[in-house]
Each structure stands twice: as C-alpha cells, then as structure tokens.
Amino acid sequence: MRSSAAVADGLGGFAVSVIDLDDPGPQEVLVELKAAGVCHTDLDVMAGAASPVVLGHEGAGVVRAIGADVHHVEVGQPVLLTWAIACGSCFACVRGNQVLCESLGLDRGYAHAGATRSLGGHGLPRSFHLGTHSAATVVRREAVVPLPKSVPFASAALLGCAVMTGYGSVVNVAKVHPGASVTVIGCGGVGLNVIQAARISGATRIVAVDTNPGRFALANRLGATDNVLVGPDDPFLRRTATEVAALFAGRGTDYAFECTARPMVGAAPLAFVRNGGTAVQVSGIEQEIPFDMALFEWDKVYINPLYGKCRPSVDFPALFALYENGQLLLDELITHTYELDDLSKAFEDMRSGRSAKGVVML
Ligand SMILES: [Zn+2]
Ligand SMILES: [Zn+2]
C-alpha cells in the first residue's frame, strides 16, 4: 500500500512524500497511525541520517493487517508502538534486561535489518524501526502493544518514548522512595514525566530546574514543589546546584535527574545530590565532556539508563492503569498538535521551547 510519510533526506532535512509499504511479513503488523509524538531525538536522527529514513519513533494507531505468526493483537485493535523490542531469549533478555536485547535491540538486529519498505524501489529504513511520522507503517510484532480504549491516541503516542523514559528512570532505575527529595534538571517532555513519576513514587520535595520560567506552571501541575530558575553564566549549573542545596540545609537532594540533552550539564546531576545520593542522566548525552571527579564525593552513584529499563509487558499496563485512575497526566502534556504537513513547524516550536510536547495527528 501507499502512505504519506516524513522522510529524512540524508542531507540534514526532510520532506513529506509518498512511500510504498510491503504487506506485513509473518512476524509483522501493519499499523495505520493516528497520532505520533515529536521528540528531540527526531532532530538527531534527521541530522545524523546519511541516507533516507522515515522519521518518528513515538506513535499509536489501529492494526490493519497482521502476519501469520502474530497472535497478541487483531485487526481493528488500537495499539501503542514501542521501540524497545526484545527476543526474550538472548544473554540480556534472560538476565531481565529486555531493553538491552542483543537480538532485536536498538543497536542490533532488526533495527538495521528493517529496510524492507521502499521509496522508489530502494530499501527505506524507519527511525527506531518504527517510522511513525507516516500515515501507516509495518513493524515487528514485538513493537505493538494493545492499547485500552480509555487512552486517546494522542496521549498514547507520548507513552512510547518521553513518558516511558521519564517514568522508568524514576520507578525502574532510581527506585525513588516515598518521602524522597528529587531535583529535575530540564522541564521538557522527559523532565515533566520524571516529575510526575517522582510524585507517583511518593517523593515529597520535587525541585524543577529550568532556564525558561515559562516551564514551571506545567511542572508544578505535574508535581513539582519548588522552582529554581538557572541564572545567567552558569553553564555547568554549579551555582544553581548550590541554590538547590540551600533548600535542603546545604545537603542536596536524594536524587537528581538530568533531562536536557545538553552535553555541558552531563555531570551536573552529581552536583545536586547529597552524599550517597543518586544522579541519573536520562537524556542520552554521549559527547565527550570534562568531568570533575570530585563531583562523585562522597559515595554518589551515577546511572545512565536506556529508555527507563522498559519492559513493555510490565510497564505499559502499569502506565495505562495510572492514567485511568488519574495519577498519570498525559492529555495535559500535549501543548501543540499538528498535521503531518506542518512537521517543520512542530520541529521549530520544539527547538525554540514554545512547545513542551507536540503531537502530529494522522
Ligand atoms: Zn522520543
Ligand atoms: Zn533478547
């Protein structure tokens, strides 16, 4: 079938064009997308693509066709897409690290073998093997999670990346405890979800840190108890860290989460936590930066989790239930919606910080 899709051109830009989709193979599912999230990672994919790739890695829609070996969903069923797919039997999977699956995981296997869809007769890979900035996509069965009718498509589209990353980093990785104090550096799509997951975990002080005071209203709605604005000339956030520590008798917070994707602040969460505290780098910074080892003093832990250690079959049902009982706010996170043809505007609003979370309606 044919589908309109946003395709990165391999030169740093993208265009919305018509692509051909093959029928799903035995272990694949054809999904008609209804909503797709817009994420900073899309900009990285676009900038880093050396050849064409279908953009988008957050999405929800309806199953339109399934392969012979697909049994957990049926045609017509609403689904959420997840890029954390696992085989269940490799070295990492049997040790409980499904997100690091060595067979189907992000850096291996299917992620790169997924170029079965075509553009003018050429193989066309999909971003994170999903390619959700498209009217339809064909994905592996493991990427498809049944979605309850109670969760609207636009809200569901957020679950597959920003929400899972933020929530999982707090609940699965840091294991924030009731009564804890937490600093959240950066109140964008992921940071806001760290804030609400910390609230859901019972943290009693949640300090939202940002350079943009316009972000604090939503941060507070999601659970932040304190706001600290980053002042001028504080690129490594050391002065901001001192300011936050002052709120806790000079000690710092139990946990700090970095959610900015800015290399300069990669070490910063260590400066915000108390001795023995836990610093979590949520945003996936992977550049080389200067690192003052004294920041680890004393007994501090620094963790760099992937996708909040997502276990799709455990975490998504938990997130659906938290949404249904009103603890997890999703609709409130969507500040802007767009049509696929307006994707460049969506990217622009995200770059400038105008949107907290934009969603393309398909
Ligand atoms: Zn994302
Ligand atoms: Zn595996």
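Does Cys 93 count as buried or exposed, and at what relative accessibility?

Analyst: The model is predicted, so that local features need pLDDT of at least 70 and side-chain atom pairs pLDDT 80 or more, while totals for chains, interfaces and linings use all residues. Residues are numbered from 1 along each chain as its sequence is written, chains are lettered from A and ligands numbered from 1 in the order written, and side-chain values use heavy atoms, without hydrogens or water.

Cys 93 counts as buried, at 9% relative accessibility (under 20%, with exposed over 50% and partly exposed in between, for a 1.4 Å probe and protein chains only). Cys 87, by contrast, is partly exposed, with a relative accessible area of 30%.

Both residues belong to the site of the zinc ion (ligand 2), where the SG atoms of Cys 87, Cys 90, Cys 93 and Cys 101 coordinate the metal at 2.3 to 2.4 Å (donors are N, O and S atoms within 2.8 Å, or 3.2 Å for Na, K and Ca). The four donor atoms of the zinc ion (ligand 2) make angles of 104 to 115°, and the site is tetrahedral (all angles between 85 and 135 degrees). Along the chain, these donors follow the spacing C-x2-C-x2-C-x7-C.

As for the second largest pocket, its lining includes Ala 84, Ile 85, Ala 86 and Gln 98 (an open set of 1 Å grid points where a 1.4 Å probe fits, with protein on both sides within 12 Å along at least five of seven lines; lining atoms lie within 4 Å of a point). Also among the lining residues are His 72, Arg 141, Glu 142, Val 144, Val 145, Pro 146, Pro 312 and Ser 313.

Note on methods
Tetrahedral: all angles 85-135°; square planar, octahedral: opposite > 155°, others 65-115°.
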